[in-house]
Every structure is written in structure tokens, then in C-alpha cells.
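Please read them with the structure open.

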Amino acid sequence: MAILIYGLVNSIILILAALGFSLTFGLSKVANFAHGGLYLFAGFAAWLLHKRLDLPYSVAILVSIVLTSLLGALIYRFILQRVRGIELAEVIATFAVGVAIIETFRSLGFVTFEFNLSPFVKGGTRILGVAIDYQRLFIIGVGLLLAILLWVFTHHTKIGLALRGIAQDEHTALTLGIESDWAAMLSVAIGSALTAVAALTILPLGIISIDLGYEVLLIAVAVSVLGGLESTAGLVVGGLILGYSRVIAADVLGTQWQTVVYLVAIVLVLAIRPSGLFGKFKELEERV
Amino acid sequence: MSAAYRKERLDRGIKARSDDIFALASYRELLYLIGPRAALIGGLLIFPLLRDIIGLVWLNVMLTACSIALLALSWDLLASVGLVSLGQAMFFGVGGYIAGYLNDAYRVPPLLTIPIATVLGALVCTAILYPVLRLRGIYFALITLTLPLLFQRLIEATKILGGTEGLSALDPLPETTVVVYIAIAAVLITLFGFRRLINSDYGLVLKGIRDNDRSVIAAGINISWYKAQAVFLAALPGTFAGALLTHQLQFVGILAFTANYSILPLASTMIGGVGTFAGAMLGALTLVPISELFRGFGTWRVVFYSVILVIFIVGLPEGIFHYVQRQYHQFERRAPLAGDK
């Protein structure tokens, strides 16, 4: 029973952590490898605003989400826009930005145990005999809500459809009056905001550790690759598979096998079926 | 308007002449061709002799710079086939671990472990990458990013090959000066070998695969086989660097798979210029000493590399070497706009 419930919590955490990355890629084909950096930025920004500037917790969270989204937009405007279309340069540039953000925090000394966000709701309860705290329940709620909202946004609103148009065929989208730079900047900003939401709901479970920045990027890549890089359903299924296999691996083999699960998943999926379980990209685009 | 002119760029006369057989006509033209190459080789060969002036520390820095240069050259060859690697550390780590294991378990002397690790390691890497060679662009990059991390975690989790502690007390190499010379020789051989390779007909096929793989298939060429060969060739310098440094440090651990060995070669190639091999090497030989100067700044160094990398990708995507090469072969002048009197 514990495996069932903690597997679910774990899966939702993975889905949340991957959401921003996957959304940005699905909407504008920008692989934002600064994902981990943005995740940490959101956490530390909220911490600084709350603990140093004495803002109320809720205000700090909102401001931090806005700031992260602005940072994402700036990264797009000043770096990505200039190398747009050269996939390799996009990947390296965003990865370098992410590393720069993460290592800046490390160099500034954000490495001790005092850096933690408090849970929104203290305490816990028991479900079917398994102890679980409210924060984890809250995460499940936020995760499900965001996944549904996103699906509605990308499939049933004008902006969402316009953004997906860019991802499918940029030139055709241009002829229909969708400005690709504006749309891509928006998608990076939305993706960053989602990353911030994920960071602020997940981080209260533990301390904000620097290496989370790299781990989150790995999680995002694993989940998105497994489910297919642009599909919302794939994201959910990929998250569930990874979340459960991670909990089972930790239970059966030991905790040091947890990360191996992601890595093996990435390698196997890419080797066998690079579009992922639900991907719809044409086969020839990714391999010959 | 003040800007009623345009800049035009012309080949220098000496370049036009020495492109042809006339290079044999004068010492000046010969020097023009040989000069830069001789300066590089001479500079590298003299460097270790200055040991007493510069100190042992800088000799070790040179050794690191050479291993990064080898990995960068390897990256550049892979990139010429259209395979973008984010995990050069895999080559380094596989070479290092094979040499370390042979020496640790069977006490094979370094004179044998290094060649064996180089060839066997390259074969192992090719075998590992073979199933994913069909992947293109970002998908191949993702898998190479993952593989070194996977090896690291597997060694940690299964505790084989010394686990997190690594293999230590390996046989040392002779004096550092000799090791540096071996590394320099390896860099030079790889550099000129790869440059020659990529200009041959064989290299033409490789570049064809990068530019348009489907048309190469249409020409009846088995591109998987060519890609596998290219991976093998590219892995050789990487595994060699790993094996050499393992014996120099007398230790190999999971740090051999660390992202440093992936990011530094990548940054060097980006800064130096992609596709010329010389750029990759020059990038490594400048970046590593610079980062050594900033040693006191600790983790700020990583921030520094990343920022430099971003600046180069956005501001000077062609890299230093292409720029220098152009200045050497060509000159710029102001020319009146067409129609201006």
C-alpha cells in the first residue's frame, strides 16, 4: 500500500518537475536546458523574499513565480532568439545559462541547511493506513490541476493553439500571422512560471540543495523523453511509469538505484523508440 | 552619408600564389605556409623544457590542457559526422577505468595498459553507441549527456570497480616531463591526422553524412558503418587521454565521468571554432590555463566558463580560429559603393 501511495506522490512530483520543460518544448520546440537553474532560482528567490525582505509567504511565492517567468523571457530575448533554429547552439547556450545560475548560487554560499521553505500546511493524516503529510497531498492536487489546465490551454485556447502551430510548422504558422519570436518567448515564460510553481510546491518537502538543479533537469529530460517530447498524456504516463519504478527500485534494490532508473529509461527509450510512448514527431526527423 | 562605402575582403597575394605550386618558388611563400604550423609545433615542444622557469605546476596544467585538447579534437571529429556529443567524459572514463582495472587486477604495466585501454576502450565505446547511431541532432546529444552519468551511478550502485572509492595505488608513469611530451605528441598526431582524414575522400563521406545523410544513403553508402568507424576514431584520443591521466594520477574514480570532461572540451571547441580541429586544440590550450589562473575563485570558475560559452555562442559563433585564419589569409579594405563616383 505504501508503495502505491508514495509511488503516486513520486509520480506527480516528477510530472510537476518536468512540466515546464516539456511545455516549452511542445509549444515552441525550444529545449530549455536552463530548466534546473530556473527551478533553483524560483526556490531561492522565494526564500530571499520571505526570510530576508520579510514579505508574507504568499506574496513571496507570487513574486518569485513572476520573477522566474521574467528571467525565462529575458533568456529567450537576449540569448535564445539569436541562435534560434540551430538546435545544438540552443541546447548548449541554455545549458550553460542553467549551469551559470546553479553555480552562482553555489558560489554565493547557498549551501547550508537554513535554506528551506516551510510547507503551506503543516501536519499530516493517514490514508488507508499509510501516513502522509498534507504537503504531499497538496502536491497531488496541484499536479493534477496543472495537467488539466495545461491540456485545456494547449488544445482549446487561441494562444495555446497558435503556440502549438509554431511547433508543428513554423513557416505555415508565420503565414497565418503567428509571430514566432513572440510566441516562443511567451512559451519560455510560461514554461518558466510552471517550473517556479513546481519548485515552490515541491521544495518545502526538504531543503533547497544546489544539486537539485541538475537532478531536476535530468528528471525533466527522462520524463519528457519517455512520454514523448510534446504530448501532455505522454508526460503523465511517463511520470507515472518513472515514479513507480523509482519507488519500487528504491524499495527492492536500495536508494542508490533511484537515479539509475531515470538514466536507463532515457537510454532505452531513445535507443528503441525515440519519439517516446506518445510522441508524434515524424520518425525521419529524429533518426535515419 | 558618411558610410558611403562598404568593406570588401580580398585574399592576400601571397595566399593566392602559395595555393598553387608557386609555393616552391620562394622562402617567403614557404614560410607563409609552414610558419603557423612550425610555430605551434615548436612552441609545444619547447614548453616542457622551460620546466625550471615555469615550475612543475604549469607542466601539470599543460598535461590537463592536452587531455582536454584530445577530447575536444574527438568532439570535433564526431561533429563533422553530424553527431553532437554532450558526453565526452564517457570516452575519458572508459579509457581510464580499463587502464586502471588492468593495472589493479592483473598488474599489467602502464606501457601495455595505455595502448590496450586506448584501443579496447574505443571499441567498447563504439559498441555502446552503435545502437543509437541512427539518432540525429538533439536526440543523440541527449543520450551522450546521459551515458556518463549512467556509468557513474552504476559504479556507485553496484560497487564494482572500486565503487565510490575508485581504484588507487596504480603504477606511476616516469617523470612528468616525459608524460607531457607523450601527451603533446598525441595531440599533434591527432590534430594533423584528423585534419588530413577529413580532407580525404573518406572525410568527404563523413561530412556528407553531416550535411545530408539521406542523399549519402541514396548514393548506396552504408552510413551506420561509416558513423561507427568515425566514433571509433574519435574515441581513440579520448580513451588515450583517460588512460594516460589515470596512470599519471595513479588513481581512477567516478570523477573520471564528471561533467567537467564533457563541458570543457565542448567549451574549448566552441571558443576555438568548430570544424577545423586546430580551433578545438587552441581553445583547450587557452581555456585550461586561464581557468588555472582563476583557481582561487573556486566554483565561480564554472560560472565563468558558462558565461564565456554563452558569449561566444551568441557573439562570435564562428570561434577564434576562423577569425584569426581570415585575418591571416585575407585583408579588408574600404571600397566605394557601386554607383558612387
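1. Start with B:Ala69. Leaving aside residues up to four places away in sequence, B:Ala69 touches B:Val187, B:Met281, B:Ala284 and B:Leu285. Keep in mind throughout that this is a predicted model.

2. The largest nonpolar core holds 197 residues. Those that touch the most other members are A:Ile266, B:Ala69 and B:Met281. Two of these names, B:Ala69 and B:Met281, also touch each other. Which helix gives the most to this core? Helix H8 of chain A, residues 180-202, does, with 15 residues. As background, nonpolar side chains tend to be buried together in soluble globular proteins.

3. Next, the contact between the chains. On the chain B side, 38 residues are in contact with 34 residues of chain A. Four helices of chain B each give two or more residues to that side: H7 (137-158), H10 (213-218), H12 (260-272) and H14 (300-315). H7(B) supplies the largest share, 14 residues. By residue class, the chain B side divides into 27 nonpolar, 5 polar and 6 charged.

4. Now the strands. Strand E1 of chain B (residues 5-11) runs antiparallel to E4(B), and 7 bridges join them. Within E4(B), B:Phe331 stands opposite B:Leu10. Is E4(B) largely buried or largely in the open? Of its 7 residues (330-336), the number buried is 0, so strand E4 of chain B lies largely in the open.

5. B:Arg107 has phi near 50 degrees, a positive value in a residue other than glycine. B:Arg107 is found in the loop between helix H5 (89-106) and helix H6 (110-129) of chain B. Why does B:Arg107 count as exposed? B:Arg107 has 10 C-beta neighbours inside 10 Å, and a residue is exposed if that number is 12 or fewer.

6. The other is B:Phe277. Its phi is near 65 degrees, again positive in a residue other than glycine. B:Phe277 lies in the loop between H12 and helix H13 (278-293) of chain B. Here the setting is buried: B:Phe277 has 27 C-beta neighbours inside 10 Å, and the cut-off for buried is 20 or more. So B:Phe277 counts as buried, whereas B:Arg107 counts as exposed. Please check both loops when you go through chain B.

Conventions: Residues are numbered from 1 along each chain as its sequence is written. Chains are lettered from A and ligands numbered from 1 in the order in which they are written. This is a predicted model: local features need pLDDT of at least 70, side-chain atom pairs count only at pLDDT 80 or more; totals for chains, interfaces and linings use all residues. Two strands pair if DSSP finds at least two bridges between them. Two residues are in contact if their C-beta atoms, placed from the backbone, lie within 7 Å. Ala, Val, Leu, Ile, Met, Phe, Trp, Tyr, Cys and Pro count as nonpolar, Asp, Glu, Lys and Arg as charged, and the others, Gly among them, as polar. A nonpolar core is a set of buried Ala, Val, Leu, Ile, Met, Phe, Trp, Tyr and Cys residues joined through C-beta atoms within 7 Å.
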